[in-house]
Amino acid sequence: VGELAQGILSKIRPEFDIPLMQQRYPTKYEDSMNTVLVQEAIRFNKLIAVVRSSLANIQLAIKGMMVMSGELESAYNSIFNNGIPDMWMECAYPSMKPLASWVTDLVRRLTMIDTWFDKGHPKAYWISGFYFPQAFLTGILQNYARRDGISIDKISYSFEWLSKDPETVTEPPPSGCYVYGMYIEGARIDPVHLKLVESKPKVLYESTPMLWLIPTIDRVKPA
């Protein structure tokens with residue numbers, strides 16, 4: 001467990017520098033994505049702090065340098081059984097992954113925030129990597145509403161499946177956003193015709209193509 005704790009601790013970056021992030025991405029009326037980025041970093045910081053401190057304390061408790069509290073013992077047992085400690089889950093996003101996959105997923109999410117900070121707003125967003133994707137989706141609608149002077153209550157999303165690889169996207173769409181990283185259960189999107197079709201035999205979950213979310217005024221729901 002001590003070796004596992006040290007291995008995980010070496011993968012999880014320190015907390016994000018929020019004042020520096022706010023300086024580089026200040027709150028702007030016309031760009032809600034700045035606020036989304038800072039809020040995501042703040043949420044992840046709470047999780048990073050709990051993960052890093054608990055892992056450090058577990059190692060100290062194993063060596064007899066601090067008391068193994070009930071909470072630490074519970075975290076110790078979870079790590080031993082390849083599970084997620086309860087103290088982590090209380091600060092984390094919903095996830096059903098085992099420990100190893102959970103750590104890999106968290107590292108990838110933190111890398112997404114790092115890349116966003118270093119290189120600016122992504123041209124296509126990994127929507128599965130957000131701590132709170134609802135804020136992101138609302139932010140995109142706010143940008144559209146404020147740009148065109150429309151009440152946000154009148155706007156909702158229509159969408160279009162795309163056959164593009166997210167890695168090849170060099171420009172954002174004229175409105176809305178490109179998102180990827182979603183999965184569909186019990187069906188799949190045909191990559192050629194971009195239509196909903198039957199799932200393949202024995203495949204329950206299937207990744208979807210990139211999606212263009214398009215803000216639409218007074219959208220009529222399909223029958």
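Helices (H or I, at least four residues) and strands (E, at least two) are DSSP runs, numbered from the N terminus. The protein has seven helices and eight strands. This is a predicted model, in which local features need pLDDT of at least 70, side-chain atom pairs count only at pLDDT 80 or more, and totals for chains, interfaces and linings use all residues. Residues are numbered from 1 along each chain as its sequence is written, and side-chain values use heavy atoms, with hydrogens and water left out.

Start with the whole chain. The C-alpha trace spans about 65 × 50 × 30 Å along its principal axes. Of the 223 residues, 41% count as buried. Buried means under 20% relative accessible area, exposed over 50%, and partly exposed in between (1.4 Å probe, protein chains only). Contact means heavy atoms within 4.5 Å. Among the contacts with a separation of 6 or more, 64% link residues 24 or more positions apart.

Next, the interior. A nonpolar core is a set of buried Ala, Val, Leu, Ile, Met, Phe, Trp, Tyr and Cys residues joined through side-chain atoms within 4.5 Å. The largest such core holds 56 residues, and Phe 16, Trp 102 and Phe 136 touch the most other members. Helix α3 gives the most to this core, with 12 residues. Another core lies apart from it and has seven residues, among them Ala 124, Val 169, Tyr 178 and Ile 214. Now look at Trp 102. Not counting residues up to four places away in sequence, Trp 102 touches Leu 47, Val 51, Ile 84, Trp 88, Met 89, Ala 92, Tyr 93, Ser 95 and Lys 97.

Buried positions in α7 are Ala 135, Phe 136, Gly 139, Ile 140, Leu 141, Asn 143, Tyr 144 and Ala 145. They pack against α3 (32-62), β1, β2 (155-162), β3 (177-180) and β8. Just after α7, Gly 149 takes a positive phi of about 65 degrees.

Now the pockets. On a 1 Å grid over the protein atoms alone, a cavity is a set of points where a 1.4 Å probe fits but cannot get out, and a pocket is an open set with protein on both sides within 12 Å along at least five of seven lines; lining residues have an atom within 4 Å of a point. Grid points are joined across faces, edges and corners, and a volume is the space filled by probe spheres set on the points. The largest pocket has a volume of about 440 Å³. Its lining has 17 residues, of which Thr 115, Pro 122, Lys 123, Ala 124 and Tyr 180 lie nearest its centre. The elements that give two or more residues to this lining are α6 (99-119) and β1 (124-126). The largest share, six residues, comes from α6. By class, the lining has nine nonpolar, four polar and four charged residues. Here Ala, Val, Leu, Ile, Met, Phe, Trp, Tyr, Cys and Pro count as nonpolar, Asp, Glu, Lys and Arg as charged, and the others, Gly among them, as polar.

The second largest pocket has a volume of about 370 Å³. It is lined by 20 residues, of which Lys 97, Asp 105, Arg 109, Ser 128 and Tyr 183 lie nearest its centre.

Turn to the loop between β2 and β3. Ser 175 sits there. Ser 175 counts as buried because its relative accessibility is 16%. Leaving aside neighbours within four places in sequence, Ser 175 is in contact with Tyr 144, Arg 147, Trp 212, Leu 213, Ile 214 and Pro 215. Lys 164 is also found in the loop between β2 and β3. Lys 164 is partly exposed, with a relative accessible area of 46%.

Last, the backbone. Most residues other than glycine have a negative phi. Lys 202 has a positive phi near 65 degrees. Lys 202 lies in the loop between β6 (196-198) and β7 (205-207), and is exposed at 90% relative accessible area. Asp 218 has a positive phi near 50 degrees. Asp 218 is in the segment after β8 (210-217), and counts as exposed at 51% relative accessibility.
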